Amino acid sequence: VSGSDVGGSSTSFRSSLRMSAQTVEEDVDAAAALSFVRGRKENIPPLKDVKESDLRVAALGGGNTNFNYKVYSINDSSSAIFVKHAKPFAKGFGESAAMSTIRLLYEAQGMREFSNFGFTVPEVFVLDQEACFLLAEYLDDYEPFVSCLQRGKIELEVAEALGAIMGHCHAGTHRQVIPSDKSEEYKRMYQNKEHFDLWDEHFFPMALSRLRLTSAISEDIDNIAPFGKQHYLNCRSYIEGLGPETIQVLESSVLKVLDCYLNKKETLVHADLHANNVMVKRTGGNLRGGACDLSKARMIDFEKFAYGPPGLDVAQWLTNYVYFFHSASSPTTASRMRQAILASWDSYVDAFRIHSDVQCSKHGICVLKETVDEL
C-alpha cells in the first residue's frame, strides 16, 4: 500500500496498523493482569480487604517496552496498585523487537538500591519473574514531571530533591569513593548489557542520523513538548547553517558520549531520567525545617538501572529543563528553568560532598581536593 493510497505517508500507515494491533494486545493483556492480581491480592496490602469482584483494571499510557496498568477498587480509589507486565519484546516496536524479561529484576533491584539511601521509591509488593509481573505502589498523589514542564510549573524544590537523590546515590556507590571490592561487586551485578546495547544500536545512531539528514527533525518525532512546527523548522535551519566541519565536530562529540556511555562504569545510575520517569508530589512537601524534602519527587521505571557513568543521570535530568526551554510561555518561566538547573546542580554537588567526606574519613579514599586539604 503506497502512502498516496491512504492519504499520508506509508510510515504513518504502518504506525496506525501497529497501534491497532497493540490496542487489541493490551485488551487481552489487561484481563490477564487483573486475573494475576486477583489471585494474589491477599499479599498486597492496598487490596487485601477488597472483594475480587470489586477490582477493575485500567491501562496506563507511557513507556515503549512494557504493558502498564492500574488495578483498583471501584469503591475506594485509594485502594490501587501499579502493575507492570514485561513480555519478551518491546511493546512499542512489536514482537520483532526482542527483549529479555530480566528487565523486571533490574527494576526491582534498582528500587531496592536507591531506597538504601533513604529515598522514597515505589514499594514493590510482588515480583514474579516466571509470570513476568511486577506489582508496586500506585503513586496517587503524584503527577509526571513532564506535565509540570508542559504547564510551565517550575518548582525549585523538585530540582533540589532530584539533585540530592542523585548526589547521595552516586557518591555512595562511586568507584573512586567506595572500597574497590564493593565497586567490583556493583559492576558485576548490574551490567544490564541489553539496555546499553539498545542505545548503541538504536538511539545514538538516531541522533547521528538527524545531524546528517535534518528532514528527520519534525513534529512527527515528538508529541511530548508543545513546541509547534516553527520550532522544528528553526532547528533544521540552524543545523543546516553550521557547515560540514562543525557537523563533523558534533558527530565526533556524539561518538565520544557513546564511548563514555558504554565503557565508563563508575556508579549506580537510574539511566533513564527523562521527564516521564520522575513523579512530582501535587501538594505540600516543599521544605521541612530548611532541609530539602526528598519525597517531593520520586523516581520510577528503574528497568535500565545499571552501574554506569554518573553523567548519564545528571545530564538526562538537566536536559529535561533544556529541552523545554524553547517552549517556555514567558521570560519568567525561562528564567525559572535556568534557576532550576543551577539549584539541581548545587544540590547534587552538596550531596556528593557529604558522602565523599564520610568515605574519606572512614576509608581514606579522598576524591575532592578540598577534602584532602582538610585532612
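Colleague: Asp220 first: buried or exposed?

Modeller: Asp220 is exposed, at 75% relative accessible area. The cut-offs: buried is under 20%, exposed is over 50%, and partly exposed is in between, with a 1.4 Å probe and protein chains only.

Colleague: What should I know about the model before we go on?

Modeller: It is a predicted model, where local features need pLDDT of at least 70 and side-chain atom pairs count only at pLDDT 80 or more, while totals for chains, interfaces and linings use all residues. Residues are numbered from 1 along each chain as its sequence is written, and side-chain values use heavy atoms, with hydrogens and water left out.

Colleague: Where does Asp220 lie?

Modeller: In the loop between α6 and α7 (229-240). Its C-alpha atom is 10.0 Å from that of Tyr232, which is 12 residues away along the chain.

Colleague: How many helices and strands does the chain have?

Modeller: There are 11 helices and 12 strands. Both are DSSP runs numbered from the N terminus: H or I of at least four residues for helices, E of at least two for strands. Of the chain's 375 residues, 46% count as buried.

Colleague: Helices, then. How do α6 and α8 pack?

Modeller: Helix α6 (residues 193-212) and helix α8 (residues 244-263) pack at about 170 degrees, with axes 10 Å apart. Axes are lines fitted to C-alpha atoms, for helices over the stretch in contact, and angles run from 0 to 180 degrees between N-to-C directions. The two helices are therefore roughly antiparallel. That label needs over 145 degrees; under 35 is roughly parallel, 65 to 115 is roughly perpendicular and the rest is oblique.

Colleague: Which residues make the contact?

Modeller: From α6 they include His195, Phe196, Trp199 and Asp200. From α8 they include Ile247, Leu250, Glu251 and Val254. Contact means heavy atoms within 4.5 Å.

Colleague: And what about α4 and α9?

Modeller: They pack at about 175 degrees, with axes 10 Å apart. That makes α4 roughly antiparallel to α9. Val158, Ala159, Leu162, Met166 and His170 of α4 meet Pro310, Asp313, Val314, Trp317 and Tyr321 of α9.

Colleague: How many α4 residues are buried?

Modeller: 17 of its 18, which leaves α4 mostly covered.

Colleague: What span should α4 have?

Modeller: Helix α4 (residues 156-173) should span 26 Å at 1.5 Å a residue, and its end C-alpha atoms are 26 Å apart, which agrees. The expected span is 1.5 Å times one less than the number of residues.

Colleague: Switching to rings. How many aromatic pairs are there?

Modeller: The count is 17 aromatic pairs. The rule takes rings of Phe, Tyr and Trp (its six-membered ring) with centres within 6.5 Å; planes under 30 degrees apart are stacked, over 60 edge-to-face and the rest tilted. Phe145 and Trp317 form a tilted pair, 4.9 Å centre to centre with 35 degrees between planes. Phe145 lies in helix α3 (residues 145-151) and Trp317 in helix α9 (residues 310-324), so the pair ties together parts 172 residues apart in sequence. Phe145 and Trp317 are both buried.

Colleague: What kind of pair do Tyr323 and Phe324 form?

Modeller: An edge-to-face one: 5.8 Å centre to centre, 80 degrees between the planes. Tyr323 counts as partly exposed at 39% relative accessibility, whereas Phe324 counts as buried at 2%.

Colleague: Which residues form a ring cluster?

Modeller: Ring pairs link Phe114, Tyr186, Tyr190, Phe302, Phe305 and Tyr307.

Colleague: Which charged end sits over the ring of Phe36?

Modeller: That of Arg40, 3.6 Å from the ring centre. Lys91 likewise has its charged end over the ring of Phe67, 5.6 Å from the centre. The test is NZ of Lys or CZ of Arg within 6 Å of the ring centre and within 35 degrees of the ring normal.

Colleague: Last one. Where is Lys304?

Modeller: In the loop between β11 (297-299) and β12 (306-308). Lys304 counts as buried, at 12% relative accessibility. Beyond four places in sequence, Lys304 contacts Asn192, His195, Trp199, His270, Ala271 and Asp272.

Colleague: Asn192, then: buried or exposed?

Modeller: Asn192 counts as buried, at 3%. It is in the loop between α5 (180-189) and α6. Leaving out residues up to four places away, Asn192 touches Tyr106, Glu303, Lys304, Phe305 and Ala306.
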